[in-house]
Amino acid sequence: MSAESRLAELGIELPSTPAPLANYVPAVRVGNLLIVSSQGPLANGAVDPAHRGKVGAELSIDAGKAAARLAAINVLAQARAALGSLDAVRRVVRLGGFINSAPGFSAQANVMNGASDLMVEVFGENGRHARTTVGVNELPLDFSVAVEAMFEVA
Amino acid sequence: MSAESRLAELGIELPSTPAPLANYVPAVRVGNLLIVSSQGPLANGAVDPAHRGKVGAELSIDAGKAAARLAAINVLAQARAALGSLDAVRRVVRLGGFINSAPGFSAQANVMNGASDLMVEVFGENGRHARTTVGVNELPLDFSVAVEAMFEVA
Amino acid sequence: MSAESRLAELGIELPSTPAPLANYVPAVRVGNLLIVSSQGPLANGAVDPAHRGKVGAELSIDAGKAAARLAAINVLAQARAALGSLDAVRRVVRLGGFINSAPGFSAQANVMNGASDLMVEVFGENGRHARTTVGVNELPLDFSVAVEAMFEVA
């Protein structure tokens, strides 16, 4: 099944692509790589307070996971806007995850699974990616999670 | 206009390339990608105290932005040293920005614009890049900002 | 001398590859690049308490450097598992280092040399890489260090 069909089957509607926060672009293609700028858990151009702040303090692991999934949905929205269709994706190569972390919080991997699981749901085996997940003390707009990506494209 | 001409027109003189802080090299070319190691706001081999410390505490947003611009100038110096000329750059593909952030500071995107704006000034449309910007609690040598880059090269 | 021979000469035995902490894969090849997921200082599937916590507080610089070397050994183990042999590596292109940092600690570069030095020991000149090293406030499983890599492969 194609990625676009799976997305429809999952009932996921990709949002209109959030504008970059500053003087850069959401995605750049170089050769058969597509590099997508880090995306936060924006919805309808705003950050829900439930997706703001530090995981391990204001946010539970599950709330962080939901934020990671939403950030990853925005990554897919940017990839589709750049490529015309997600069916042009051959493989999710790498995700980078930055988790806004309360002192002492070390379950970043669980949080980031919100993003990774989505990729596997949408792309199947081709959604299985390399990944780097770290904690950070602050993120732009007080995002709880930011996700960047590298795709192999046709 | 070529990137080298724009640089001259902007009156920017690239510094002698700062030596890596340790056992690595400033840039590696692989295929038509040039990967540049993260650079700090060094000038003449030293970090001005004005470019040290946390944005949102010791440094204002504008001071952070100046540090980001300086770090990006060092990125360009390393790219020129690796390539012979910035005119060999086809496209700025991606910048990664790490902002040494005071607790509660979330305007990292504004700070990183100091680097992004420079790329667009020097390379025009080809300077528009994908970008990931995050806050961190500490940086090497207490840099306020560190910037890494990926370029597409001829 | 081949990388595998150097490794034997150095007396380094690569561990069985640690399983990813979550829903992702340890390495992905795209074209002639191999992207390796960030690795922590695991040994025999566990993190020694000596490799846990913040450098500059619980860990000295030397202890952090040992953890970085161990994380880099795990990177090599993943690369070998993906490629069949480290002799398929043409060049270490880039390392990313994330150092779990106590407040006020800014010697991340020294810590990360534990990883960089290993690459040069094993691959010689081809082990010299671009590098980005930053401090972070927290890491998965309270790792003191995490290391990710990009290799050029045959």
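G127(A) sits in the loop between helix 3 and strand 6 (130-136) of chain A. Helices here are DSSP runs of H or I with at least four residues, strands are DSSP runs of E with at least two, and both are numbered from the N terminus. The model is predicted: local features need pLDDT of at least 70, side-chain atom pairs count only at pLDDT 80 or more, and totals for chains, interfaces and linings use all residues. Residues are numbered from 1 along each chain as its sequence is written, and chains are lettered from A and ligands numbered from 1 in the order in which they are written.

G127(A) counts as buried because 21 C-beta neighbours fall inside 10 Å. A residue is buried if 20 or more other C-beta atoms lie within 10 Å of its own, exposed if 12 or fewer, and partly exposed in between, with C-beta atoms placed from the backbone. Neighbours within four places in sequence aside, G127(A) is in contact with V92(A), M119(A), V120(A) and V122(A). Contact means that the C-beta atoms of two residues, placed from the backbone, lie within 7 Å. V93(A) is 34 residues from G127(A) in sequence, and the C-alpha to C-alpha separation is 8.0 Å.

Two non-glycine loop residues have positive phi. D142(A) is not a glycine, and its phi is near 60 degrees. D142(A) belongs to the loop between strand 6 and strand 7 (145-153) of chain A. With 19 other C-beta atoms within 10 Å, D142(A) is partly exposed. In chain C, L141(C) has a positive phi of about 60 degrees, again without being a glycine. L141(C) lies in the loop between strand 6 (130-136) and strand 7 of chain C. L141(C) is partly exposed, with 17 other C-beta atoms within 10 Å.

Helix 3 of chain A packs against two other helices. Two packed helices are described by the angle between their axes and the distance between the axes. Axes are lines fitted to C-alpha atoms, for helices over the stretch in contact, and angles run from 0 to 180 degrees between N-to-C directions. Helix 2 (residues 61-83) of chain A and helix 3 (residues 108-123) of chain A pack at about 40 degrees, with axes 7 Å apart. Helix 2 of chain A is therefore oblique to helix 3 of chain A. Angles under 35 degrees count as roughly parallel, over 145 as roughly antiparallel, 65 to 115 as roughly perpendicular and the rest as oblique. By class, the contact of helix 2 of chain A with helix 3 of chain A has 13 nonpolar, four polar and two charged residues. Ala, Val, Leu, Ile, Met, Phe, Trp, Tyr, Cys and Pro count as nonpolar, Asp, Glu, Lys and Arg as charged, and the others, Gly among them, as polar.

The axes of helix 1 (residues 3-10) of chain A and helix 3 of chain A come within 7 Å and cross at roughly 115 degrees. These two helices of chain A are therefore roughly perpendicular to each other. A3(A), R6(A), L7(A) and L10(A) of helix 1 of chain A meet E121(A), V122(A) and F123(A) of helix 3 of chain A. This contact of helix 1 with helix 3 of chain A holds five nonpolar, no polar and two charged residues.

The chains are related by rotation. Chain C is laid on chain A by a turn of 120 degrees and a shift of 0.0 Å along the axis, with an RMSD of 0.0 Å. This is the relation of a three-fold axis. Copies are superposed by least squares on the C-alpha atoms of residues with pLDDT of at least 70 in both. The copies use different surfaces, as 8% of the contact residues of chain C recur in chain A. Chain C gives 24 residues to this contact and chain A gives 27 residues. Strand 2 of chain C supplies the largest share of the side of chain C that touches chain A, four residues. That side of chain C has 15 nonpolar, six polar and three charged residues.

Chain B superposes on chain A by a rotation of 120 degrees with 0.0 Å of shift along its axis (RMSD 0.0 Å). Different surfaces are used here too, with 7% of the contact residues of chain B recurring in chain A. The contact takes 27 residues from chain B and 24 residues from chain A. Helix 3 of chain B gives the most to the side of chain B that touches chain A, with eight residues. That side of chain B divides into nine nonpolar, 12 polar and six charged residues.
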